[in-house]
Amino acid sequence: MSQYRKGYIFERKTNSYLQEKLSYHKELKFYAIESRGSKGSADIIFGLYNKKNKKRIWFGIQCKRGYVSNPEKKRDIALVSRKYGMIMFYSTQDKEKKSKIELYPDFDKWLSKWMKT
């Protein structure tokens with residue numbers, strides 16, 4: 001299987017994982033845009049709308065199957081934030097359980113905080 005195909009499968013898996021997480025929140029409407037094979041800042045863009053407080057936001061996900069150090073993630077996130085004003089998360093595979101997805105920074109914590117504001 002080609003590296004491109006493996007990356008594509010991981011992006012799809014990340015998108016499904018996040019849509020499942022977001023669907024637990026009945027007050028949220030959301031959409032996702034996947035950019036297949038892009039060299040851009042984000043592989044997936046999500047738009048959120050909170051029906052309760054009428055707030056909207058969008059954020060990007062960069063998907064990497066291999067290891068990415070935390071300092072590199074922080075640098076990339078800061079660059080994207082400065083350049084595009086976009087909130088960014090990294091999706092990587094869990095070191096022990098390759099089937100599990102890790103999001104950096106903590107997505108659940110961020111979502112909970114955003115929904116309360």
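Trainee: What do the buried residues of H3 pack against?
Mentor: They pack against helix H1 (3–23) and strands E1 (28–34), E2 (44–50), E3 (55–64), E4 (87–93) and E5 (101–104). Contact means heavy atoms within 4.5 Å. Helices (H or I, at least four residues) and strands (E, at least two) are DSSP runs, numbered from the N terminus.
Trainee: And what kind of model is it?
Mentor: This is a predicted model: local features need pLDDT of at least 70, side-chain atom pairs count only at pLDDT 80 or more, and totals for chains, interfaces and linings use all residues. Residues are numbered from 1 along each chain as its sequence is written, and side-chain values use heavy atoms, with hydrogens and water left out.
Trainee: Which residues of H3 are buried?
Mentor: Phe107, Trp110, Leu111, Trp114 and Met115, in a helix spanning residues 107–116. Buried is under 20% relative accessible area, exposed over 50%, partly exposed in between (1.4 Å probe, protein chains only).
Trainee: Why do they line one face?
Mentor: Looking down the axis of H3, the buried residues fall within an arc of 125 degrees, so they line one face of the helix. The arc is that of the directions from the helix axis to the C-beta atoms.
Trainee: What's on the face turned away?
Mentor: Exposed lysines: Lys109, Lys113 and Lys116.
Trainee: New topic: what's the strand order in the sheet?
Mentor: E1-E2-E3-E4-E5, an open sheet with mixed pairing. Pairing takes at least two DSSP bridges between two strands. E1 and E5 stand at the edges with a single partner strand each, so one side of each has no neighbour in the sheet.
Trainee: How many bridges join E2 and E3?
Mentor: Seven, in the antiparallel sense.
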